[in-house]
Structures are given as structure tokens and as C-alpha cells.
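Here is a briefing on the ligands and metal ions of one model. Sequence and structure come first, then the sites by topic.

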Amino acid sequence: AVMRSSLQEAIERNQLTLHYQPIVRCSDSATVGYEALLRWEREPGKFVSPGEFIPLAEMTGQIIPLSEWVFRRACETAVRLQEAESTVKIAVNLSTLHFNRTEFAPFLAQTLAETGCKPEWLELELTESILMDNTDYAVEVLQKLREQKITIAIDDFGTGFSSLSYLKKLPVDKVKIDRSFVAGIRTHRADRVLIGSVIKIAQSLNFEVVAEGIETPQQAEFVSEMGCDYMQGYYFGRPVPFEEL
Ligand code: G
Ligand code: G
Ligand code: MN
Ligand code: NA
């Protein structure tokens, strides 16, 4: 109950911010986009992690206003970046709960229109949980979003239950290999083999591949040699406020 009312206050008191982490292309290290990551500054200098409050917000239903706030802000940022003659995209983490509401597609269309953000400046990150039930509905919505030129990525790939062949049923552009696999590159042969295989299979199914959690030049070199398309991680940049981009 305490967390619930404070989440409401967080929105009203401007305690929420988005931080942005670069996503770079393997071939030339160019920054092609930024992932928007929500931060809640509950007291000055004290940040509550979304890992803590997002699951809670999903239980109370507050994820909807929270997620709507995130989308509006992310679209505004995309417009500001484009005005600065940048061609980068903004990737937004989308809660499956928000996605599954029939109002999501109209909400997004309205937010794009109101902010002047073009669909092609936006990328949606969904987790494999969208496959759990109602795949037909997910396929239908994702198809419509892609027709509008919004990019769709599957986040945390490899941690859920689905396989790439299952994913192939979904209209998806990219898979983001979970950082737990990248973390094992130096020490675990199995992680190296898995990363190499996922990249090859994903690309042969026409998905682009992003490796997450790149923290060292060796990890960057390994995934690049394996033919990965994009990389993201502390080695290239931590999530920072817009002003610091
Ligand atoms: O940034 P951090 O590592 O603390 O994020 C923890 C988790 O919270 C990650 O799984 C991330 O995808 C999720 N997350 C971060 N920002 C958002 C957001 O704006 N919306 C949703 N739904 N999840 C987010
Ligand atoms: O689930 P998702 O991939 O959206 O989670 C993104 C989270 O991963 C963010 O909270 C971000 O802070 C964190 N993150 C981003 N890069 C790195 C990294 O290089 N190492 C670690 N440990 N975490 C990272
Ligand atoms: Mn993500
Ligand atoms: Na991820």
C-alpha cells in the first residue's frame, strides 16, 4: 500500500526519469539507438530500481499510467534527437500487461501523433512472456505495429521458454541475447557455443541480433567475430539522463 500511493506520487511529483543507454553497430561502432530505462528518484539521490517497482506496478495495475508516461517521454526524446539531426532510434521496454490491453495500439498511435514522433524512430522491446498465452492476438497486434514501421525486438532472449522456431511465428525484427550468456563468454564454453548458435540461427531466420551486457573489449570482439549485428553494455556506455547524451 505504501509503494502503491508513492508510485502515484512519483508521477505527480516528477520523480520519474528516463535514462538512455547506447546501442552500437558491430561493424563500425556507430550508435544506432538508445534504450530508455526508467528510474524512480524517490528521494534526492536515492533511486529505486525498476526491477523492484515494475513487478509491483504490474500487480496493482499502476503499470498502465506508468508505461503511458514512459512512452510519452520516450517519444518526446526521439523527436528532440531527430531535431538534432540524429538518425538514432529509441527502444522502449513494453510491459506484456500493457501490450495485452486492447487500448495499447490506439494509445501508441495517439502518442506518436501528439508528440510528432515517427513510428520508425521507435523500437519496442518485449519479453518472451508475450508468447505465453494468446499468441494469435500478439501476432495480430505486432503485425499492425510493424506495418507502421515500428521495430519489434524480443528482450532477454534465451531466459524464457520459447525457441527461435517458435519466435519465427511472431512478426519480430530483432532478438536481444540476454546478458547472462555474455557474462559467461570468458569462463563457459557452453555460453560461447550458445551465443554463436543463436546468432547463426536467428540471422538465417532473418532476425537481427543484439548482444546485451557487453562489459569488456574481449566480449565485444567475441560477439562481433560471431557475426552479431549490434551490441549494448557498460563497455559502450551506462544508462544516463538525456542531458548527458
Ligand atoms: O535498468 P535496470 O537494469 O534497473 O532495469 C531492470 C528491469 O526493468 C529490466 O528488465 C528492464 O527491462 C525493466 N525496465 C526498465 N525500464 C522499463 C520501462 O520503462 N518499462 C518497463 N516495462 N520495464 C522497464
Ligand atoms: O531486461 P533488460 O535487458 O531491459 O534490462 C536492461 C538492464 O540491464 C538495465 O537495467 C541496465 O541498467 C542493465 N545493463 C545494461 N548494460 C549492462 C551491463 O553491461 N552489465 C550489467 N550487469 N547490466 C547492464
Ligand atoms: Mn530491455
Ligand atoms: Na534484456
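Metal donors here are N, O and S atoms within 2.8 Å of the metal (3.2 Å for Na, K and Ca); water is not among the atoms, so sites may look incomplete. By that rule, Asp155 bridges the sodium ion (ligand 4) and the manganese ion (ligand 3), which lie 4.2 Å apart. The model is predicted: local features need pLDDT of at least 70, side-chain atom pairs count only at pLDDT 80 or more, and totals for chains, interfaces and linings use all residues. Residues are numbered from 1 along each chain as its sequence is written, chains are lettered from A and ligands numbered from 1 in the order in which they are written, and side-chain values use heavy atoms, with hydrogens and water left out.

**Metal ions**

- Strands (E, at least two residues) and helices (H or I, at least four) are DSSP runs, numbered from the N terminus.
- Glu35 (OE), Asn93 (OD1), Glu125 (OE) and Asp155 (OD) coordinate the manganese ion (ligand 3) at 2.1 to 2.4 Å.
- The spacing of the manganese donors along the chain is E-x57-N-x31-E-x29-D.
- Distant parts of the chain are linked here: Asn93 is in strand β4 (residues 89-93) and Asp155 in strand β6 (residues 151-157), 62 residues apart.

**Ligand 2**

- Around ligand 2 there are 15 residues, of which Asp155, Asp156, Glu212, Glu215 and Tyr234 come nearest. A residue counts as near if one of its heavy atoms lies within 4 Å.
- Polar contacts are pairs of N or O atoms within 3.5 Å.
- An oxygen atom of ligand 2 is 3.1 Å from an N or O atom in the side chain of Glu35. For the side chain of Asp155, the distance from a ligand 2 oxygen to an N or O atom is 3.0 Å.
- A polar backbone atom of Tyr234 is 2.8 Å from an oxygen atom of ligand 2.
- Alone, ligand 2 exposes 520 Å², and the protein buries 78% of that. Accessible areas come from the Shrake-Rupley method with a 1.4 Å probe.
- β2 gives the largest share of the shell around ligand 2, three residues.
- By class, this shell has four nonpolar, four polar and seven charged residues. Ala, Val, Leu, Ile, Met, Phe, Trp, Tyr, Cys and Pro count as nonpolar, Asp, Glu, Lys and Arg as charged, and the others, Gly among them, as polar.

**Ligand 1**

- Leu37, Leu38, Arg39, Ser49, Pro50, Gly51, Ile54, Val70, Asn93 and Ser95 surround ligand 1.
- A nitrogen atom of ligand 1 is 3.0 Å from a polar backbone atom of Leu38.
- An oxygen atom of ligand 1 is 2.7 Å from an N or O atom in the side chain of Arg39. In the side chain of Asn93, an N or O atom is 3.2 Å from a ligand 1 oxygen.
- Of the 500 Å² of accessible area that ligand 1 has on its own, the protein covers 74%.
- β2 (31-43) and α2 (50-60) each supply at least two residues of the ligand 1 shell.
- That shell holds five nonpolar, four polar and one charged residues.

Definitions and conventions. A polar contact is a pair of N or O atoms within 3.5 Å; within protein, one must be able to donate a hydrogen and the other to accept it, and residues adjacent in sequence count only if both atoms are side-chain atoms.
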